[in-house]
Amino acid sequence: MSKITTELLLERAVPRSTRLRKIETLNLSKLQLKTGDLDPRLFSRLRHLQKLDLSDNLLDKFPNSLTLPDLRVLNCNNNKLEDVTALKQFPLLEELTYENNVYLTLNDDYKVMFLLQNLRLLNGKDITKLANHVRRVNSHKLTSKVTAHWKKFFSDQLPEKYTAEEVKSIKKKFLKSVQTNVVYGPSSLSEFTRWRVKMIAEEFLANSLGLELNSDTEPEEKTDENEEESTESPREDAEEVAPVVHIYDPLVTVTPSKRKRNHSKSSPGNKRSKTQANTEEEAEEDVSAEPLHFLQCHSKGNSREDFKTQLWSCVFEPVLDSGARKDPIVSSSRTVATCGGESVCLIDCETGTVLKKYKVATEEFFSVAWTTLTMVISDSRKKAHNILAAAGRRGIVKLIHVAADFCYGEIKAHKKPIATVCFSPTQETHLFTASYDKRIALWDIGIPDCDYNFKASQLLVLETASIPLRIALVPTCPEQYLLAGCEDGCFAWNIKLDKGQKSRPFEAIFQFPGEESLTTSHRVDGLAFLNDDVVVSKSSKPGCIYLWSWSKSFDAKGKGCQRTMSAVILAELEWSTTDMSYLTLSTCPAKEYVFCGDEKGSVWMYNLSTYTTSWGSPKGKRSERRISPTQILTWPELRVNGEQPPEILVNNVVADPAFTYLVVLTSVNITAIWKKS
């Protein structure tokens, strides 16, 4: 028997009513209602209902025929909704809230903005301007692209006289092809784009196949640089995305100039239009990357004058449906998480749009890391969700469910700042935190239930001789060995959990050329694996980046702890002669690249694909000469409010696995995004 009766509706009316047709405001919150409890026959009698509160129930969807022709305000907060398309039955809806429905995403926000033409407020925010963009500009762009796709690939496939079977076949092929190949806007909106493309394609076929197929259509437009797809989320659990300073066009548009030699420094060109710059770059084959965006999105108090906030860490978001842990080339989207100061930002690298921003006023974030958790949703079904961990000066790890815009928990991991964090590639809930308390801790963060209850536990503590700055799990045995670059050198630990000892000293310290003892060890502030065996480490010794072999350096058969082992050097990279610390490096294993920024805002890039094969052979010899950079991307002539920013240090630089984008984090609160040509 349904929980909803005529008597209940009359009692829950505001004010109470004696007739259903007189009810204008109705509160049905906190009744444990499920979708089957919403009886269309009963609701059809609420002809004048304008405000409906269904919050704090168990609804997973809406019936398609509730027939509420005058509904203007709807509250669905704290339910289990998985789809919003049934809301189109309420065409007069002006205000809609559905916060804390964990399975709804930014794509659903865009769907309701398109479906509900009168919608003004979504989750308490005015979306009038954004909704108009979605309904008009977005639809116009997609319609042009769908039409162009038909003309280019399918218009010649139908004969002048065609059968119903031929029409059915080409419809099926076209719908599949157009949803796969028509792309527009950021990857975070790919579901919405596919949904709209299918809708537009079906309308196009319905209209065109009964007419002449060669009828004129509008040509596809080029995207206006100032008319980018807006992706501001109307949700409230994340901080409202503040106005971001795009320090690029039209203030300055600079690209690297042509180089005479591959490894020579590029010099900034003259000021010119973005169109001119792109045209000239296409003709310059030596140029491998171009600047897309310069963003100032971590400002304290959203101040445009903040050029002091240091940016420290960035990592690309995994793609949920790509088998990310198996294929590194397709393991990330074009969405990157960055941190610095009091905030963590999610940025679409192609458009330069800040998709989300998380802020903790008393924090200074130093590190971020992604993992993908398989969570149980309604009806015991399982679904994969990306979780972002962020940590910094307070020693606390924040756990953020990005799709839900919700920081669902925190782990008080250390009493001193956390320098860096990383997840295990094989155990999705295992998180390592390296702290200024001279400890590296391994945590099991658990998997949150549908109410975000979770239990974190500490599995291991690794004692370090000095502050750990960078950590890396050994790719061939990520559950057994961990490397750390510390203030006093590079160390290794056995992290196998079947050993009884929960607190462990380091097992080995690696000695590099010029280091005769622990007292002469150098700070290691850059550490990453180039492939399964080659380690890349950077020390505070001026101009020193070493490539060395893990398997040839580490003696796994040796007994005892705190042994000194000589790093078997494979090569040394030519880099800046600065002795400035904490300018870290990164690698792109799939493309065999190493990246490192310097004290002048430049990015040194090393393509090592011609060396790795010989290094991996049993008789592999050390490269006698220092390897020069393949290319150096120099910082452009950038002006903000007519002035150049102060001295620019590149704290970090990271490429996505396919090396399409290069994200550069600086000491002056500027995130630079380059795109490989």
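**Figure 1. Helix α5 and its buried residues.** In helix α5, the residues Val-167, Ile-170, Phe-174, Leu-175, Ser-177 and Val-178 are buried, where buried stands for under 20% relative accessible area, exposed for over 50% and partly exposed for values in between, computed with a 1.4 Å probe on protein chains only. This is a predicted model, in which local features need pLDDT of at least 70 and side-chain atom pairs count only at pLDDT 80 or more, while totals for chains, interfaces and linings use all residues. Residues are numbered from 1 along each chain as its sequence is written, and side-chain values use heavy atoms, with hydrogens and water left out. Helices (H or I, at least four residues) and strands (E, at least two) are DSSP runs numbered from the N terminus. The 18 residues of α5 (residues 164–181) should span 26 Å at 1.5 Å a residue, and the end C-alpha atoms are 26 Å apart, which agrees; the expected span is 1.5 Å times one less than the number of residues.

Figure 2. The charged end of Arg-196 sits over the ring of Phe-114, 3.8 Å from the ring centre; a charge counts as sitting over a ring if NZ of Lys or CZ of Arg is within 6 Å of the ring centre and within 35 degrees of the ring normal.

**Figure 3. Aromatic pairs between separated parts of the chain.** A search of the whole structure finds 27 aromatic pairs, a pair being two rings of Phe, Tyr or Trp (its six-membered ring) with centres within 6.5 Å, called stacked if the planes are under 30 degrees apart, edge-to-face if over 60 and tilted for the rest. The rings of Phe-512 and Tyr-546 are stacked, because their centres are 5.7 Å apart and their planes at 15°. Phe-512 lies in the loop between β25 (508–511) and β26 (524–529) and Tyr-546 in strand β28 (residues 545–549), so this pair ties together parts that are 34 residues apart in sequence. Phe-512 counts as buried at 7% relative accessibility, and Tyr-546 counts as buried at 5%. Phe-595 and Phe-659 form an edge-to-face pair, with 5.1 Å from centre to centre and 70° between the planes. This pair links distant parts of the chain, with Phe-595 in strand β32 (residues 593–597) and Phe-659 in the loop between β35 (650–655) and β36 (661–666), 64 residues apart. Both Phe-595 and Phe-659 are buried.

**Figure 4. A cluster of aromatic rings.** Ring pairs link Tyr-481, Phe-510, Phe-512, Tyr-546, Trp-548, Trp-550 and Phe-554 into a cluster.

Figure 5. Leu-442 lies in strand β19 (residues 439–444) and is buried, with a relative accessible area of 3%. Leaving out residues up to four places away in sequence, Leu-442 touches His-430, Leu-431, Phe-432, Ser-457, Gln-458, Leu-459, Leu-460 and Leu-497, with contact taken as heavy atoms within 4.5 Å. Leu-442 and Val-421 are 21 residues apart in sequence and 9.8 Å apart in space, C-alpha to C-alpha.
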